[in-house]
Amino acid sequence: MDASFYEDSEQEALATDAWQHIFSRREFLAIAGGAVAVLAVGSALKGNPNSQSAPAEDPASASAAGDPTTASAATEPVTDPANPADPAAEPAPLTLADLPWNLQLINGEHPLDPSYEPPQLTDLPQKGQTIDSRVYADLMALLEAAEAAGVPPVICSAFRPYEYQQQLFANRVERCETEEGLEGEAAEKEAAFWVARPGASEHQAGLAVDLIDQDYTELDEAQENTETQQWLIAHCAEFGFILRYPTDKSAVTGIGYEPWHYRYVGREFAPAITESGLCFEEWLQNYLADAQ
(Lines give C-alpha, C1' and ligand atoms only; values in the text may rest on other atoms or scores of the structure.)
Protein backbone atom coordinates (compact mmCIF):
# COMPACT_ATOMS: atom_id res chain seq x y z
CA MET A 1 0.00 0.00 0.00
CA ASP A 2 0.91 3.61 -0.47
CA ALA A 3 2.74 5.18 2.52
CA SER A 4 0.32 8.06 2.49
CA PHE A 5 -2.46 5.64 3.39
CA TYR A 6 -0.74 4.67 6.62
CA GLU A 7 -0.09 8.31 7.43
CA ASP A 8 -3.76 9.17 6.93
CA SER A 9 -4.93 6.21 9.02
CA GLU A 10 -2.54 7.08 11.80
CA GLN A 11 -3.86 10.69 11.90
CA GLU A 12 -7.46 9.47 12.02
CA ALA A 13 -6.61 7.13 14.91
CA LEU A 14 -4.93 9.92 16.83
CA ALA A 15 -7.92 12.19 16.25
CA THR A 16 -10.31 9.45 17.41
CA ASP A 17 -8.27 8.87 20.57
CA ALA A 18 -8.26 12.62 21.28
CA TRP A 19 -12.05 12.94 20.94
CA GLN A 20 -12.54 9.87 23.15
CA HIS A 21 -10.28 11.43 25.75
CA ILE A 22 -12.15 14.71 25.63
CA PHE A 23 -15.53 12.99 25.81
CA SER A 24 -14.44 10.82 28.73
CA ARG A 25 -13.27 13.93 30.63
CA ARG A 26 -16.57 15.79 30.05
CA GLU A 27 -18.58 12.72 31.01
CA PHE A 28 -16.57 12.39 34.19
CA LEU A 29 -17.07 16.02 35.12
CA ALA A 30 -20.79 15.78 34.47
CA ILE A 31 -21.12 12.63 36.53
CA ALA A 32 -19.01 14.08 39.32
CA GLY A 33 -21.04 17.30 39.35
CA GLY A 34 -24.27 15.34 39.50
CA ALA A 35 -22.98 13.31 42.39
CA VAL A 36 -22.11 16.45 44.32
CA ALA A 37 -25.57 17.86 43.65
CA VAL A 38 -27.23 14.66 44.81
CA LEU A 39 -25.16 14.64 47.97
CA ALA A 40 -26.05 18.29 48.69
CA VAL A 41 -29.77 17.72 48.21
CA GLY A 42 -29.59 14.56 50.28
CA SER A 43 -27.92 16.44 53.13
CA ALA A 44 -30.59 19.16 53.03
CA LEU A 45 -33.39 16.66 53.07
CA LYS A 46 -31.75 14.77 55.89
CA GLY A 47 -31.46 17.96 57.93
CA ASN A 48 -35.10 19.03 57.26
CA PRO A 49 -37.29 16.12 56.19
CA ASN A 50 -40.37 18.39 55.83
CA SER A 51 -38.68 21.03 53.76
CA GLN A 52 -39.94 21.88 50.31
CA SER A 53 -37.97 23.20 47.43
CA ALA A 54 -37.62 26.98 47.71
CA PRO A 55 -39.19 29.07 44.95
CA ALA A 56 -36.92 30.95 42.64
CA GLU A 57 -35.85 34.25 44.12
CA ASP A 58 -37.15 37.43 42.53
CA PRO A 59 -34.20 39.50 41.29
CA ALA A 60 -35.88 42.64 42.72
CA SER A 61 -36.19 40.98 46.12
CA ALA A 62 -32.61 39.89 46.00
CA SER A 63 -31.57 43.42 45.20
CA ALA A 64 -33.67 44.81 48.08
CA ALA A 65 -32.19 42.29 50.46
CA GLY A 66 -28.74 43.41 49.51
CA ASP A 67 -29.64 47.09 49.97
CA PRO A 68 -30.00 47.99 53.70
CA THR A 69 -31.91 51.19 52.87
CA THR A 70 -34.49 49.31 50.83
CA ALA A 71 -34.77 46.55 53.41
CA SER A 72 -35.42 49.09 56.18
CA ALA A 73 -38.10 50.85 54.16
CA ALA A 74 -39.81 47.53 53.47
CA THR A 75 -40.00 46.53 57.13
CA GLU A 76 -40.59 49.81 58.97
CA PRO A 77 -44.20 51.19 59.06
CA VAL A 78 -44.77 54.47 57.27
CA THR A 79 -46.14 57.22 59.55
CA ASP A 80 -47.47 60.54 58.39
CA PRO A 81 -45.71 63.11 60.61
CA ALA A 82 -48.68 65.44 60.27
CA ASN A 83 -51.03 62.77 61.60
CA PRO A 84 -49.12 60.31 63.78
CA ALA A 85 -51.07 57.20 64.62
CA ASP A 86 -49.53 56.54 67.98
CA PRO A 87 -52.09 54.75 70.17
CA ALA A 88 -50.09 55.69 73.24
CA ALA A 89 -50.27 59.41 72.48
CA GLU A 90 -52.59 61.33 74.81
CA PRO A 91 -55.40 63.37 73.19
CA ALA A 92 -55.02 67.13 73.23
CA PRO A 93 -56.76 68.74 76.23
CA LEU A 94 -60.12 70.39 75.61
CA THR A 95 -59.94 74.19 75.58
CA LEU A 96 -62.41 77.08 75.45
CA ALA A 97 -61.83 77.30 71.71
CA ASP A 98 -63.12 73.72 71.29
CA LEU A 99 -66.50 74.43 72.91
CA PRO A 100 -69.68 74.79 70.84
CA TRP A 101 -71.11 78.20 70.05
CA ASN A 102 -73.65 78.11 72.90
CA LEU A 103 -70.87 77.62 75.49
CA GLN A 104 -68.67 80.40 74.16
CA LEU A 105 -67.16 82.39 77.02
CA ILE A 106 -67.32 86.14 76.47
CA ASN A 107 -65.92 88.51 79.06
CA GLY A 108 -63.10 90.99 79.62
CA GLU A 109 -60.48 88.27 79.34
CA HIS A 110 -62.11 86.62 76.32
CA PRO A 111 -63.52 89.44 74.19
CA LEU A 112 -65.06 89.25 70.75
CA ASP A 113 -63.46 90.78 67.71
CA PRO A 114 -64.96 94.22 66.91
CA SER A 115 -66.14 92.88 63.55
CA TYR A 116 -67.93 89.85 65.00
CA GLU A 117 -71.64 89.45 64.37
CA PRO A 118 -73.89 86.40 64.79
CA PRO A 119 -74.17 84.18 61.68
CA GLN A 120 -77.86 85.10 61.35
CA LEU A 121 -80.22 87.34 63.29
CA THR A 122 -83.98 87.02 63.71
CA ASP A 123 -86.35 89.85 64.58
CA LEU A 124 -88.07 89.75 67.97
CA PRO A 125 -91.59 91.00 68.80
CA GLN A 126 -90.21 94.21 70.30
CA LYS A 127 -89.51 96.60 67.48
CA GLY A 128 -85.84 96.90 66.57
CA GLN A 129 -84.71 93.95 68.70
CA THR A 130 -82.97 90.93 67.18
CA ILE A 131 -81.36 87.74 68.49
CA ASP A 132 -79.12 84.99 67.15
CA SER A 133 -81.44 82.83 65.06
CA ARG A 134 -80.27 79.70 66.88
CA VAL A 135 -81.64 81.14 70.13
CA TYR A 136 -84.94 82.44 68.79
CA ALA A 137 -87.15 79.34 69.23
CA ASP A 138 -86.19 78.76 72.86
CA LEU A 139 -86.47 82.45 73.72
CA MET A 140 -89.96 82.64 72.28
CA ALA A 141 -90.93 79.50 74.21
CA LEU A 142 -89.66 81.14 77.41
CA LEU A 143 -91.61 84.34 76.77
CA GLU A 144 -94.80 82.43 75.96
CA ALA A 145 -94.49 80.31 79.11
CA ALA A 146 -93.96 83.42 81.23
CA GLU A 147 -96.99 85.07 79.69
CA ALA A 148 -99.04 81.94 80.31
CA ALA A 149 -97.94 82.15 83.95
CA GLY A 150 -99.24 85.72 84.14
CA VAL A 151 -95.83 87.43 84.26
CA PRO A 152 -95.06 88.54 80.71
CA PRO A 153 -91.56 90.11 80.58
CA VAL A 154 -90.45 92.96 78.36
CA ILE A 155 -87.37 92.62 76.17
CA CYS A 156 -85.19 95.55 77.13
CA SER A 157 -82.16 94.62 75.01
CA ALA A 158 -80.96 91.71 72.89
CA PHE A 159 -78.32 91.84 70.14
CA ARG A 160 -76.08 94.90 70.28
CA PRO A 161 -73.32 95.62 67.74
CA TYR A 162 -69.82 96.54 68.86
CA GLU A 163 -70.29 100.23 68.04
CA TYR A 164 -73.41 100.48 70.17
CA GLN A 165 -71.60 98.88 73.10
CA GLN A 166 -68.81 101.42 72.65
CA GLN A 167 -71.32 104.24 73.09
CA LEU A 168 -72.93 102.64 76.15
CA PHE A 169 -69.53 102.19 77.79
CA ALA A 170 -68.44 105.73 76.98
CA ASN A 171 -71.65 107.07 78.54
CA ARG A 172 -71.02 105.08 81.72
CA VAL A 173 -67.42 106.30 81.94
CA GLU A 174 -68.69 109.86 81.66
CA ARG A 175 -71.14 109.27 84.51
CA CYS A 176 -68.34 107.89 86.68
CA GLU A 177 -66.33 110.99 85.97
CA THR A 178 -69.09 113.51 86.59
CA GLU A 179 -71.03 111.80 89.39
CA GLU A 180 -68.22 110.02 91.24
CA GLY A 181 -65.30 112.28 90.44
CA LEU A 182 -63.20 109.47 88.93
CA GLU A 183 -60.74 109.97 86.12
CA GLY A 184 -58.97 107.97 83.46
CA GLU A 185 -58.36 104.30 84.21
CA ALA A 186 -60.23 104.47 87.52
CA ALA A 187 -63.35 105.75 85.76
CA GLU A 188 -63.13 103.02 83.13
CA LYS A 189 -62.64 100.29 85.73
CA GLU A 190 -65.69 101.42 87.66
CA ALA A 191 -67.75 101.73 84.49
CA ALA A 192 -66.77 98.21 83.36
CA PHE A 193 -68.27 96.81 86.56
CA TRP A 194 -71.73 97.86 85.35
CA VAL A 195 -71.41 98.07 81.59
CA ALA A 196 -69.23 95.57 79.73
CA ARG A 197 -66.36 96.99 77.73
CA PRO A 198 -66.77 96.87 73.94
CA GLY A 199 -66.11 93.31 72.80
CA ALA A 200 -66.77 91.87 76.26
CA SER A 201 -70.56 91.94 75.97
CA GLU A 202 -72.57 88.79 75.29
CA HIS A 203 -75.11 91.01 73.59
CA GLN A 204 -72.69 91.40 70.68
CA ALA A 205 -72.82 87.63 70.18
CA GLY A 206 -76.62 87.69 70.12
CA LEU A 207 -76.68 85.14 72.95
CA ALA A 208 -77.95 87.40 75.75
CA VAL A 209 -81.23 89.12 76.42
CA ASP A 210 -82.26 91.64 79.10
CA LEU A 211 -85.76 90.88 80.37
CA ILE A 212 -87.56 93.20 82.76
CA ASP A 213 -90.90 93.44 84.50
CA GLN A 214 -93.50 95.36 82.51
CA ASP A 215 -94.47 97.41 85.55
CA TYR A 216 -90.99 97.98 86.97
CA THR A 217 -88.54 98.95 84.23
CA GLU A 218 -85.52 100.12 86.22
CA LEU A 219 -82.30 98.20 85.67
CA ASP A 220 -81.31 97.78 89.29
CA GLU A 221 -81.28 95.10 91.96
CA ALA A 222 -84.94 95.73 92.75
CA GLN A 223 -85.79 93.81 89.56
CA GLU A 224 -85.08 90.66 91.56
CA ASN A 225 -88.14 91.31 93.71
CA THR A 226 -90.65 91.47 90.86
CA GLU A 227 -92.88 88.50 90.14
CA THR A 228 -91.55 88.44 86.59
CA GLN A 229 -87.93 88.00 87.64
CA GLN A 230 -88.84 85.50 90.32
CA TRP A 231 -90.53 83.35 87.70
CA LEU A 232 -87.73 83.80 85.16
CA ILE A 233 -84.99 82.92 87.63
CA ALA A 234 -86.89 79.78 88.63
CA HIS A 235 -87.75 78.57 85.08
CA CYS A 236 -85.25 80.04 82.59
CA ALA A 237 -83.04 76.92 82.66
CA GLU A 238 -85.91 74.83 81.32
CA PHE A 239 -85.59 76.82 78.10
CA GLY A 240 -81.79 76.91 77.87
CA PHE A 241 -81.04 80.17 79.72
CA ILE A 242 -79.08 81.01 82.86
CA LEU A 243 -78.95 84.09 85.05
CA ARG A 244 -75.51 85.17 83.88
CA TYR A 245 -74.38 87.51 86.67
CA PRO A 246 -75.50 86.16 90.08
CA THR A 247 -75.43 88.41 93.10
CA ASP A 248 -72.52 86.70 94.88
CA LYS A 249 -70.20 86.10 91.88
CA SER A 250 -69.11 89.61 90.92
CA ALA A 251 -65.53 88.90 92.01
CA VAL A 252 -65.38 86.15 89.39
CA THR A 253 -67.47 87.60 86.56
CA GLY A 254 -66.20 91.16 86.95
CA ILE A 255 -69.77 92.41 86.51
CA GLY A 256 -72.20 93.64 89.15
CA TYR A 257 -75.40 91.80 89.97
CA GLU A 258 -77.87 91.95 87.05
CA PRO A 259 -81.12 90.13 87.81
CA TRP A 260 -82.32 90.81 84.27
CA HIS A 261 -79.45 89.52 82.09
CA TYR A 262 -80.10 86.02 80.75
CA ARG A 263 -77.57 84.11 78.69
CA TYR A 264 -78.43 81.27 76.34
CA VAL A 265 -76.36 78.08 76.80
CA GLY A 266 -78.84 75.51 75.52
CA ARG A 267 -81.31 73.19 77.23
CA GLU A 268 -78.65 70.51 77.57
CA PHE A 269 -76.44 72.59 79.86
CA ALA A 270 -78.62 75.25 81.51
CA PRO A 271 -80.13 73.02 84.24
CA ALA A 272 -76.70 71.68 85.30
CA ILE A 273 -75.18 75.16 85.43
CA THR A 274 -78.09 76.54 87.46
CA GLU A 275 -78.17 73.63 89.90
CA SER A 276 -74.41 73.82 90.45
CA GLY A 277 -74.67 77.25 92.06
CA LEU A 278 -71.62 78.31 90.05
CA CYS A 279 -71.31 81.22 87.68
CA PHE A 280 -70.58 80.48 84.03
CA GLU A 281 -66.81 81.00 84.37
CA GLU A 282 -66.59 78.58 87.31
CA TRP A 283 -68.76 75.97 85.67
CA LEU A 284 -66.77 76.07 82.43
CA GLN A 285 -63.54 75.62 84.36
CA ASN A 286 -64.91 72.45 85.98
CA TYR A 287 -66.40 71.26 82.70
CA LEU A 288 -63.07 71.50 80.90
CA ALA A 289 -61.25 69.82 83.80
CA ASP A 290 -63.70 66.90 83.80
CA ALA A 291 -63.30 66.48 80.04
CA GLN A 292 -59.55 65.75 80.32
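What follows is a set of questions and answers on cysteines, cores, rings and charges in this predicted model.

Q: How many disulfides does a search of the whole structure find?
A: Let's start with the cysteines. A disulfide calls for two cysteine sulfur atoms within 2.5 Å. Searching the whole structure with that in mind, the number of disulfides found is zero.

Q: Is Cys236 buried or exposed?
A: The relative accessible area of Cys236 is 2%. The cut-off for buried is under 20%, so Cys236 counts as buried.

Q: And what about Cys156, is it buried, partly exposed or exposed?
A: Cys156 has a relative accessible area of 32%. Buried is under 20% and exposed is over 50%. That value sits in between, so Cys156 is partly exposed.

Q: Which residues is Leu211 in contact with, leaving aside its neighbours within four places in sequence?
A: Leu211 is one of the residues with the most contacts inside the largest core. With those sequence neighbours set aside, its partners include Gln229, Leu232, Trp260 and Tyr262.

Q: How many residues are in the second, separate core?
A: This core includes Ala237, Ile242, Phe269 and Phe280. Its residue count is 13.

Q: Are the rings of Trp101 and Tyr264 stacked or edge-to-face?
A: A search of the whole structure finds six aromatic pairs. For Trp101 and Tyr264, the ring centres are 6.0 Å apart and the planes are at 15°. Planes under 30 degrees apart count as stacked, so this pair is stacked.

Q: How many residues apart are Trp101 and Tyr264?
A: Trp101 is in the loop between helix 3 (68–75) and strand 1 (121–123), while Tyr264 is in strand 6. The pair links distant parts of the chain, and the separation is 163 residues.

Q: Which residues do ring pairs link into a cluster?
A: Tyr264 also pairs edge-to-face with Phe241, at 5.1 Å centre to centre and 70° between the planes. Phe241 is in strand 5 (residues 241–243), 23 residues from Tyr264. The cluster is made of Trp101, Phe241 and Tyr264.

Q: Which residue lies over the face of Trp101?
A: Trp101 has a charged neighbour too. That residue is at 4.0 Å from the ring centre. Its name is Arg134.

Q: Which residues are linked with Glu202 in a network of salt bridges?
A: The structure holds nine salt bridges. Glu202 has one with Arg263. The residues linked with Glu202 in the network are Arg244, Arg263 and Glu281.

Q: What is the closest N and O distance between Glu282 and Lys249?
A: Glu282 is in helix 10 (residues 280–290), and Lys249 is in the loop between strand 5 and helix 8 (250–253). Glu282 is buried at 19% relative accessibility, and Lys249 is buried at 13%. They form a salt bridge, and the closest N and O atoms are 3.0 Å apart.

Q: Is Glu188 buried, partly exposed or exposed?
A: Glu188 meets Arg197 in a salt bridge (3.4 Å, N to O). Arg197 is partly exposed at 33% relative accessibility. Glu188 has a relative accessibility of 34%, so it counts as partly exposed.

Note on methods:
Residues are numbered from 1 along each chain as its sequence is written. This is a predicted model: local features need pLDDT of at least 70, side-chain atom pairs count only at pLDDT 80 or more; totals for chains, interfaces and linings use all residues. Side-chain values use heavy atoms; hydrogens and water are left out. Buried means under 20% relative accessible area, exposed over 50%, partly exposed in between (1.4 Å probe, protein chains only). A nonpolar core is a set of buried Ala, Val, Leu, Ile, Met, Phe, Trp, Tyr and Cys residues joined through side-chain atoms within 4.5 Å. Contact means heavy atoms within 4.5 Å. Rings of Phe, Tyr and Trp (its six-membered ring) pair if their centres lie within 6.5 Å; planes under 30 degrees apart count as stacked, over 60 as edge-to-face and the rest as tilted. Helices (H or I, at least four residues) and strands (E, at least two) are DSSP runs, numbered from the N terminus. A charge sits over a ring if NZ of Lys or CZ of Arg is within 6 Å of the ring centre and within 35 degrees of the ring normal. A salt bridge is a side-chain nitrogen of Lys or Arg within 4 Å of a carboxyl oxygen of Asp or Glu.
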